[in-house]
Structures are given as structure tokens and as C-alpha cells.
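Here is a short briefing on one structure.

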Amino acid sequence: MKRYDVLAVGGGIAGPVGAKLAARDDLKSLLIEKKEVPRHKTCSGIQFPYLEELVGSKIPKSKLCSNELYKVEMVTPDDEVLNGKMDMLNFWRKTFDHWLCEEAEKAGAEFRDGVELKDLQKKKGHYIAKLKENGKEKKIKTKYIIGADGGHSTIRKKFRPEEFSGESRGAVINLYFDGDPGSLDPNTLYMIHKKEFSDWMFSWVYKKDDDWIIGTGSKENPMETCKNFYDYIKDKYELEGEIVDKKGFASGSSSTEKVFLGHGNVLMTGDAAGLVDLYRGLGMDAAALSARLSVKSIKKAEISGKPAINHYEKLMDRIIKQKRKHDRIQKKRFSSDEVLKKSLSKSNLMKDGLKLLFYSKVVNRLLSTDKKILLPP
Ligand SMILES: Cc1cc2nc3c(=O)[nH]c(=O)nc-3n(C[C@H](O)[C@H](O)[C@H](O)COP(=O)(O)OP(=O)(O)OC[C@H]3O[C@@H](n4cnc5c(N)ncnc54)[C@H](O)[C@@H]3O)c2cc1C
């Protein structure tokens, strides 16, 4: 049976970042992804520039979309429109994640796609991971596991099966529009805050290369809600054309909201750890940062002889506190259109904008990569 120091499960953001950093630290690392890569991933693929530092590699221009995003347009429940400027990275997850897996490989990690983790068992200070590849089962031995298998995590289900029996959070739908985009601007991210289109967070419109993407998430009738949102956008920005593709994503169970950092030498990262933050509307930065901290914890465990989770819980403490604070704000914000309107008042948005600027341009510049504050703060 093959032996590794670290098994990183999932070729999204957290898995490749974890495998790469572990390999750079001379830990024998295996990264597995259940799908053949490059694979599609439902995600807007928009981030603050600090993601480059968090993933630990310079992003080649060829991995980004041809149209840059540097403007934001917010629409409030009252149809008030607020515009601002913000530097953003814009990429397709299919391209980006594939490149991240290649970066892990370049750093010395072994990468295998089309390999799914089916089960794991603890045995005398090691884990035996049961993998499925080309219909055949294989076993490997590993000392540490980085659980980076996303919102429908097999590893999390193993530890917390009860979380997966509850009702679903609904679905996210992206519609791909082709035609005349009217007054939509290719360099703007549109964030529409209206409860009728989503009762969790804003709905969105943006451009990626030649595609316009119009999407929202909803618990009840997601497809119908997204079509209503499309009609609203079509009228507001005078689009003329048609929807040429649709892509959906079932939003897992309540596990995506609850934090679970793992057990023993199994460390959960990114969406599998429940780091989804609807207030920020982002998760890739949290996935990359948690992967960094998981590797740091493994190194500490190698020295201390204690389970890696003891170190990881301490290192993740501030991130979890921020996420919980944001969850409370977001729940309150979306409790009614009135509260939503108030929280999106011009003065509140100005305050939030200034805070974001201060944290991104001043605070984060003074902090080391592992200590960066997730934005917006
Ligand atoms: C509609 C939508 C839009 C979003 N937009 C943004 C955005 O613009 N910016 C942003 O920062 N975040 C965004 N997010 C959130 C972001 O997509 C996630 O937070 C991020 O992908 C988490 O990364 P991860 O590495 O934890 O998991 P994932 O990226 O989900 O990767 C998990 C990987 O594990 C693989 N896997 C699963 N099970 C197994 C198994 N048993 N064995 C092997 N492999 C397995 C999966 O195939 C997958 O490739 C968005 C999310 C959604 C749903």
C-alpha cells in the first residue's frame, strides 16, 4: 500500500493550495480530484487581487478572462443605483482550478484526477483512505488529510452524517445570455439586492470573455425566480437576445453554514469546513487561507506530536469569528426589505466602501499572507 504524509481531497481551490504548500515543505503529498480535469465549477470566479498571494503563485494573464472587472454597480431594493470602483480578478474556475492543480504538481505533489475518496478509517496513528479510480478500488495510507472536497463533502458526511439528512438550501442558477447587452458594461460587476430574487444575498450580472452571466440563488422555485430576475435585467438594461445555456448548482445541506474544522489529523478547509460567507458573497479566499493554515498546523503537529486539529483550531479562530459575525449581519439584513434597504443606504455603503479600502490598501499590506483579513471585513 502506498504511503503519504498528506492526502488533499478535492481539486478546487483549497486542495491544490494545500497539496502545493505541503509538497514545498517536503511532505509527501497526494492530491486527488474525483472529476477529470479541467472540469466545470458553478462559481462567479471573481475575487480581490489578494487571492494571488493567498494561493501562493503568480497568476498568468492567460488564466484570466479577456475582460477585466474594475467597477461595481449596486442596485438597492428601491432601485436606487450606486456605482463604485474596485479591483477584481475575473476568471473561469475550469481554467483556474486546473492551473492550480498543475501548480501543486510542479511543487512536487502527486496529482491524480478521476480519483474519488470513498471512505477513510483510522488505524494506529494513520488513516487508510479508500479511493475509486476507473471503477477499481485502491487503498493508500496517509498521516494527515486535508478535507477540501467542497459543500457536498464525503469526509464531512463521515464525521457528521446527521447534517446531510436535512432539507436543501435550494439552488443557484446561472443563465448565459447571447445578444445585444444594451447598457450593460463589460467591466462592471452588477450586484442586485432584492429579496424577491434571492433571500440569502445579492443576485448578479457580469461578463466573462464572450459570455454574459445572469444568476441568482433561491430556496423556492430557483429556475422560475432566475427567469424573473432575467426579465427584470432585460427591461432595466434593455438587452436584446436570448438565453443560450443554463447551469445549476444544488446548495448542499445546512452543513455549508456550520463550521466543522475536523478531527485528529483530518483538517477540513474551504466549503467542506463550512466557511461559505454569504455576507461577503465569496469563498475562494477563505478556501485558500484555510488550506495555508492547515499545512501550517500539520508542520506544527510534526514538531509538537499533538493532533494537528489542536493547532488548526487556534489558527482558524479569527476567521471563524469573522464568519459568524457576518452570518448574523446577513441574516438580519435579509430579514425584510425594509432592513435590507436601511443597511444599503448610501451612507452605510460609503462607510463599508471606506472600510474595505482601508483594510485592503492599509491593514492587509502590513500583515503577512497567513494573517490577512478576509475582505470585505
Ligand atoms: C454560484 C456561486 C458563485 C460563487 N461565486 C464566487 C465568487 O465569485 N468568488 C468567490 O470567492 N467565491 C465564490 N463562490 C464560492 C466558491 O465557489 C467556493 O467558496 C469555493 O469553490 C470553495 O473552494 P473549495 O476548494 O473549498 O471547494 P470546491 O471548489 O468546491 O472544490 C471541491 C472539489 O472537490 C471535488 N470532490 C468532491 N468530493 C470528492 C471526493 N470524494 N473525492 C475527490 N474529490 C472530490 C469536487 O469535484 C471539487 O472539484 C461561489 C459559489 C457559488 C455556488
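This is a predicted model: local features need pLDDT of at least 70, side-chain atom pairs count only at pLDDT 80 or more; totals for chains, interfaces and linings use all residues.

**Helix α5 and its surroundings**

**Geometry of α5**
- Helix α5 spans residues 222-237, which makes 16 residues.
- From first C-alpha to last, α5 reaches 22 Å, close to the 22 Å expected at 1.5 Å a residue.
- Just after α5, Glu-238 takes a positive phi of about 55°.

- The buried residues in α5 are Pro-222, Thr-225, Cys-226, Phe-229, Tyr-230 and Ile-233.
- They cover an arc of only 145° around the axis, so they lie on the same side of α5.
- Glu-224, Asp-231 and Asp-235 are exposed on the other side of α5.

**Packing of α6 and α7**
- Helix α6 covers residues 284-304, and helix α7 covers residues 308-333.
- The two helices pack at an angle of about 145°, and their axes are 8 Å apart.
- The crossing of α6 and α7 is right-handed.
- From α6, the contact uses Ala-286, Leu-289, Ser-290, Leu-293, Ser-294, Lys-296, Ser-297, Ile-298, Lys-300 and Ala-301.
- From α7, the contact uses Ala-308, His-311, Tyr-312, Leu-315, Met-316 and Ile-319.
- By class, the contact of α6 with α7 has 10 nonpolar, four polar and two charged residues.

Key: Residues are numbered from 1 along each chain as its sequence is written. Axes are lines fitted to C-alpha atoms, for helices over the stretch in contact, and angles run from 0 to 180 degrees between N-to-C directions. Helices (H or I, at least four residues) and strands (E, at least two) are DSSP runs, numbered from the N terminus. A crossing is left-handed if the near helix is turned anticlockwise from the far one by less than a right angle, and right-handed if clockwise. Two residues are in contact if their C-beta atoms, placed from the backbone, lie within 7 Å. Ala, Val, Leu, Ile, Met, Phe, Trp, Tyr, Cys and Pro count as nonpolar, Asp, Glu, Lys and Arg as charged, and the others, Gly among them, as polar. The expected span of a helix is 1.5 Å times one less than its number of residues. A residue is buried if 20 or more other C-beta atoms lie within 10 Å of its own, exposed if 12 or fewer, and partly exposed in between; C-beta atoms are placed from the backbone. The arc is that of the directions from the helix axis to the C-beta atoms.
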